[in-house]
Every structure is written in C-alpha cells, then in structure tokens.
Amino acid sequence: MLSSLALLAGLVCSSSALAGPAPAPADGKNALMKNALIADLMSRMTLDEKIGQLRLISIGEDMPQPQLLKEIAAGRVGGTFNSVRRQDNRPMQDAAVKQSRLKIPIFFAYDVVHGHRTIFPISLGLASSWDMETVEQSARISAIEASADSLDVTFAPMLDISRDPRWGRTSEGFGEDPYLVSLCARASVKGLQGTSPANADSVMAVIKHFALYGAVEGGRDYNTVDMSPIRMYQDYLPPYRAGIEAGAGGVMIALNSINGVPATSNRWLLRDLLRKDWGFKGITVSDHGAIDELPLHGVAKDGREAARLAIQAGVDMSMHDSAYLAYLPGLVKSGEVSMRDIDGAVREVLGAKYDMGLFQDPYRRIGAAEQDPPDVDAESRLHRAAARAAGRKSLVLLENRGKTLPLKKAGTVAVIGPLADAPVDIMGSWSAAGKSQQSVTLLQGMRDAAGDKARVVYARGANVTDDAGVVGYLNFMNWDKPEIVQDQRSPGDMIAEAVEAARSADVIVVAVGESRGMSHEASSRTSLSLPGSQETLLKALRTTGKPLVVVLMNGRPLDLNWAKENADALLETWYAGTEGGHAIADVLFGDYNPAGKLPISFPRSIGQIPTYYNHPRIGRPFVPGKPANYTSQYFEEPNGPLYPFGYGLSYTDFSVSGLTLSSRTLPRNGRIDASVTVKNTGQRDGETVVQLYLQDVAASVVRPVKELKDFRKIMLRAGEERVVHFTIDEEKLKFFNAALEYVVEPGDFNVQVGLDSEAVQEGSFTLR
Ligand code: NOJ
C-alpha cells in the first residue's frame, strides 16, 4: 500500500515533467489508485486547503489574474472557468502544481454547449435532426476543440425539458419530450467524454440544471418551480438520469426552488434522489452565485446560513460565491458543519480531477508551450464540414406550397431581412469561443451557392426590434462591443428599400426571427410574435406577388400564424451555427433534402401555453373536428398546436400504411412487433422519421394522451417502400405510479405510428 501511495504521490509531483498525456490506468486498479490517492491527500490537507478545493472561480469576474495566481498557489482554488487559451491557463496550473503545498491540479471549465470554436446548431436544432449520431458527433468535435484549448470541463449538456417557449433558455435544451431529450442527453455525454473523461481529447460533462429548471413559473427565468412528484419523475427527471447513466462526471444544480426548497439547499434532491436513489458518483456544482442567493429565496437568514445549508444539502463546489470561503471555516469550528460534510465534498472534487486524468498529468490538455497554436482562431482549427452537415440536418421545413422549394439556381433571388446577414445571431446564444467573423450568414451562403448562375440582391428590410429599451437590454452584457447595431433608417424606409429589391427579383428569401440574445438566459418574453416591424416587412413583401420564402431564425417556438397562411415556404432554421448560411442554402437550393422534425410543439398563440403533445388525459377532452360545449378548449381560436411535435416536411412525400401488430396480446416479459410500410411516393430520394407513440388506456394514475417511445430515421429512394419495425416490450409501458414506483400494469394499450405526433396509424394490444 505504502509503495503505491508513494508512486501516486510521485505521479502528482512529477507529472509536469511528463512529455505527453499519460494514459489513465485501467478500471479496477484505477478505483484502488484513485481512493488511495484521495485518502492520502485528504490526510494531509488543512481545513483551509479543503475548503479551497470547493471554490470554482469565474475568471475576471471574481478576481483579477494576479490575485487569482496567489490564491491558487495558496491552495485556495479548486477550478476556474471562462478562460479558454492554453497560454492563459498554463500559469494557473503552474501555480497549482508547482507552487501550492500539496500540488493539487486545478481544472478549467467553460460553457461549451453547442460547439467550442466551430459552432454547431443550437441544441433545439440538433434535436430537430432526430439523429443521435449527429448529436454525438457535434459533442465529440466540441470536446476535441475545447480540450485542445486546455479545457477539462464543460457545463453541458443542458437537459431541462422546456414546454414554455416564453423561457429564453428553451434554445439551449433539446425540447419538450422526455424520451427524445434523454436520447440527446446520452449522445451528448458520450460525445463530450469520449471513451473516458480522462482522455486528452475529452472534456467532463457537467449536466444541467438539476433539476426542473425548464419548468419555471410563467417561463420567467429564475422563477420558482412547483410540480407534482409524478410529473417530475415521469417527464422532467429522466433526461438528467439518462445523462448520469451515460457517465456524466458532474451535475450543475439549478437556480430555482422545487416545491418550496431551492435546489441549492435541497437535501432530498442532492442526497436522497441523486446520490442514494440514482447512485451518482460524480461532482455537484452550484450554478453561478446560487449559494449567495439562498437568503433571497428566504431560506437562509444570511450568507453564513446559506453556506451551511448548501454544504449540508450536498453542493460540492461553489461557483462564483463568497459563502464557502467566508463561512465554512467558522461553521466547522463551531461544530455547525461536520468535517464529514466537508470531506464528502472534497472527495468528490478530487475524484472528479482524478477522473479527468489531471493527477496523472495536470497538463494533459494544456500541452507544451512550444505547441501552443500561434492563432487560436485559425481557420485550420475549425470543423466546417461537420458543422455544415449538422446544420442541414437541423432544419425543419414547415410549409412548401406548390413546391416553391427547392429554388432554381437561376434568375434573381432577393435575400432580405434583419437576420439575413447576421453573423453573430446565426451562432445562437452560448456560442463559446466561436467567432462571428468566421460564421457564414444566409446571404453569404446564398451567394456561394448561386455562384454565377443566379444573381443575389440584398436589403435588410427591418431591424430585429424597433424598441430602444429592448436593444439596451440585449446590449447590456456586451460592454466593449454592443451586439445589436440598429440601422438608423425608419422602418418605412427600410421596408420600401426591401420591396424594391424584391420587385427586381424572381423570388424572395426573407430571414426573420429573434436576435440570439432574445433566446438566452434572462431573456424571457411575454409575446411569441416576430418582434418589431418584421411582420409588417413580410406583409409588404407579400404585396409584390413574388414567391415568398420565409427563413426563421429563433431559439423558441414563435407565433407563425401569418407566415403559415401567407408564405409560400417556411423553413425553421433555429440558429444553425458557423456553417449555418451554407447549410440553409443547401436546403433552399435543393442540394440537400430537409428531414428535420420539430422537437417541440409550436402553439398558435401565447395564451395556449403550455402546448406539449404528451399532456395528461382529462375528463372533458376537446375532440378536434367535433367542437362541443363544456369540453376543454379555448373558444376564440382553433385548438391544438399550430405545428405539432414531430412535424416536418421533405421535398418528397411519404405515405405510412398497414400498421400490423405481431400479436394482440403481450405476455409478461414478452414482445410485440409493430410494423408499418413507409413509402416514398414522391420524385426524389429523402429521409423521414417514423415515430412510435403509445397510450395506456386505463392505469392506476392519469397517464399522457400519448408518449413517444421509439423512432427510426430512414432514407428511401424515390418510389421505394420499406417495412419499418418497432419492438414493444414491458419496458416501454412502464410509468411511475402514485407511490412513485416504476411499474407496468396489465391492460389495454393503443399504438400509434406516424410521421409526426398527430398524423398516425392506430392499433391496440393487451398486456396480460
Ligand atoms: C449561469 C447559467 O445558468 C449556467 O448555465 C452556466 O453554466 C453558468 N452561468 C456559467 O456560465
């Protein structure tokens, strides 16, 4: 034992001398070595050094660099975030492993949510691909780029189910459905961590925001969450659990309270559910300043009590807080906080560092100075082809009247709109180290695609918003360079110019939506309309009689009533990333046949919210096509979503027929095969997503009207047909009962298979 300890201690001290990243030890041996190393270190750490490990410092915001170096050398920092260059992080690691008494490495974190230097589509766009290889691949590349910039950890993926599009952070998640978001969770964690978070080209995934952050009341960011246990277990918790089962090394704790107790001081959430029930073995991290906010929630009278509640609840690391450093020493001395609580948290932090491979080599992602990239933004560091491929897959074709799309590469195309040439916005929020100078706008993409075959004319047509207050709000954070730069002309003048450009063209492609800051943290909206004069612009363009192709850029479902009725084609592009302009042009010109499907329902109006497809059944349901009094509906407008979950068109057509179940009864532990024939009835090859939904006819608790349980994305050549099979077993029928047991109950089930959540073929079977 002693000799292995000595070996490990040697590894810690001499690791800076290692030439390249040492491989992580194999599993069984690894656990022994890890425990021995941590035990040895902890036996030698002072209380202050232990508390130091619990501090996660925001570079710049929390303290200036010279002071930070001193703090690290004094062993008072566990990790930092927001610094993304090897040459900046190297001196900090030097301070930790060369100057601090115990030479414990620090880690470097960042919000790498949908790309690092190459920006991929926002998560909502990635989810629209219904292609888990694409989700995984984009995360893999993000990790490769981030680790090459010395990052060890990312605060991602964001796994909050969002059913209220007023919430600006809807853009950061994978949508409304527990099953689809759970698959995305797995794929992202796998991509980020690779085969091990210890690999030099992996980053540790810290999934967020645990828990239920997507359900903030009224969609207002940071608001409270009140939710029944069944809904929590059935709908909102599964994605976090999927991320953990995929091996995520960390969990970030949400800023909201849950049924009266802030997540940050929630023992049930962090100890009972996360650790005991789910067996989570990684690190928990508070969100930014969350411990200091506990007095504002009104559960702690001051910072001291906040620190005590957080550590006792199970918050290992404190992000951008002063409370742990200021109060934990006194709380331990007075006996109000036990050494056991401190040690538990420290063990997790050291364990996470071990799992990242930092004890084997603290420089495994920082590398040697001679190999630092001379230009971190160099073109050669980008993964453009993968970003373009992901971009194309993330686009959802919502309308295509009279086959307006694809466009011909001929004549004149008027590219119009406040988002047509918006290199910052196309990256979406949380664009990490992405550079807008490197992103391809729609205008650029259309010009590149048209080449000398078609003429492209451009007019801005409108600002995204005309409201100076909104511009001020969105520019608030960008001190050095305002993100929103307004065209000073009047809305009327801009529209007149756009109409003139449109008149000179054969077709209009108009990019409207939201600037990226409108779909971000702290960007909740009270309206889902196109802001400012954008709809007036659309209406003016419509009067030209030219084919009108509306390209949407937005991070949440918008109110598209006018566009649905009046545009010739409507393409949802979310924020498609660095290669967004090329990806969109590929689709508009038909070089790629779109196959994206909505991962979230689009309501008709804000009053309909929440509009998620898998809502619980009720006693007086509204039956479409059969309006009746005293059924659950809004009487002023049609009911049901404008565009349902799972919806999306292609340039070809598909038919689904002949739902066949291999048996009408499912024995316990048995299986049923459900199959349909899917045919490409159109003129060109294309992909579509065949979706399986189930409904429990009668259960001990109220169950959803339907739930997505499986899907297949298939490619069919023009005229080709294929039988698509799904296996239904008990696992797909399980749910949480009133006692929160995950059970299956015998009885009848309805099966639905289709190309979206509404247009389905139906069948049924009985579970014996
Ligand atoms: C606050 C956000 O809620 C969280 O998602 C993010 O990771 C941290 N800030 C750090 O940037």
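N554 sits in the loop between β15 and α21 (561-566), where helices (H or I, at least four residues) and strands (E, at least two) are DSSP runs, numbered from the N terminus. Leaving aside residues up to four places away in sequence, N554 touches I122, E514, E572, W574 and Y575, contact meaning heavy atoms within 4.5 Å. N554 counts as buried because its relative accessibility is 0%; buried means under 20% relative accessible area, exposed over 50%, and partly exposed in between (1.4 Å probe, protein chains only). The N554 side chain also makes polar contacts, and one of 3.0 Å joins it to the side chain of E572. The backbone oxygen of R556 is reached by the side chain of N554 at 2.7 Å. A polar contact here is a pair of N or O atoms within 3.5 Å; within protein, one must be able to donate a hydrogen and the other to accept it, and residues adjacent in sequence count only if both atoms are side-chain atoms.

All of this comes from a predicted model, in which local features need pLDDT of at least 70, side-chain atom pairs count only at pLDDT 80 or more, and totals for chains, interfaces and linings use all residues. Residues are numbered from 1 along each chain as its sequence is written, and side-chain values use heavy atoms, with hydrogens and water left out.

I122 turns up again in the surroundings of S171. Apart from residues up to four places away in sequence, S171 touches I122, S123, L124, S429, S519, H520 and G555. S171 belongs to the loop between β4 (153-154) and α8 (178-193), and with a relative accessible area of 1% it is buried. A polar atom of the S171 side chain lies 2.9 Å from the backbone oxygen of S519 and one lies 3.2 Å from the backbone oxygen of G168.

For contrast, take G545, in the loop between α20 (534-542) and β15 (548-553). G545 counts as exposed because its relative accessibility is 58%.

On to the ligand. The residues around it are F81, D111, F155, R169, K208, H209, M252, D287, H288, M319, W430 and E521, a residue being near a molecule or strand if one of its heavy atoms lies within 4 Å of it. Sorted by class, this shell has 5 nonpolar, 2 polar and 5 charged residues; Ala, Val, Leu, Ile, Met, Phe, Trp, Tyr, Cys and Pro count as nonpolar, Asp, Glu, Lys and Arg as charged, and the others, Gly among them, as polar. The side chain of D111 has an N or O atom 2.5 Å from an oxygen atom of the ligand. For R169, an N or O atom of the side chain is 2.7 Å from a ligand oxygen, and a polar side-chain atom of H209 also lies 2.7 Å from an oxygen atom of the ligand. On its own the ligand has 300 Å² of accessible area, and the protein covers 94% of that; accessible areas come from the Shrake-Rupley method with a 1.4 Å probe, and for residues only the protein chains shown count as cover.

Aromatic rings come next, with 16 aromatic pairs in the structure. Rings of Phe, Tyr and Trp (its six-membered ring) pair if their centres lie within 6.5 Å; planes under 30 degrees apart count as stacked, over 60 as edge-to-face and the rest as tilted. W167 and Y213 make an edge-to-face pair, at 5.0 Å centre to centre and 75° between the planes. This pair links distant parts of the chain, 46 residues apart: W167 is in the loop between β4 and α8, Y213 in the loop between β5 (204-210) and α9 (229-236). W167 and Y213 are both buried. F749 and F765 are stacked, because their ring centres are 5.5 Å apart and their planes are at 15°. F749 lies in strand β25 (residues 747-754) and F765 in strand β26 (residues 760-767), so this pair ties together parts that are 16 residues apart in sequence. F749 is buried at 2% relative accessibility, and F765 is buried with a relative accessible area of 1%. W130, Y179, Y613, F645, Y693 and F711 form one aromatic cluster.

Finally, helix α13 (residues 303-313) is largely enclosed by the rest of the structure, because 8 of its 11 residues are buried. The buried residues are G303, A306, A307, L309, A310, I311, Q312 and A313, and their cover includes α11 (267-277), α12 (294-297), α14 (323-333) and α15 (339-355). Just after α13, G314 takes a positive phi of about 115°.
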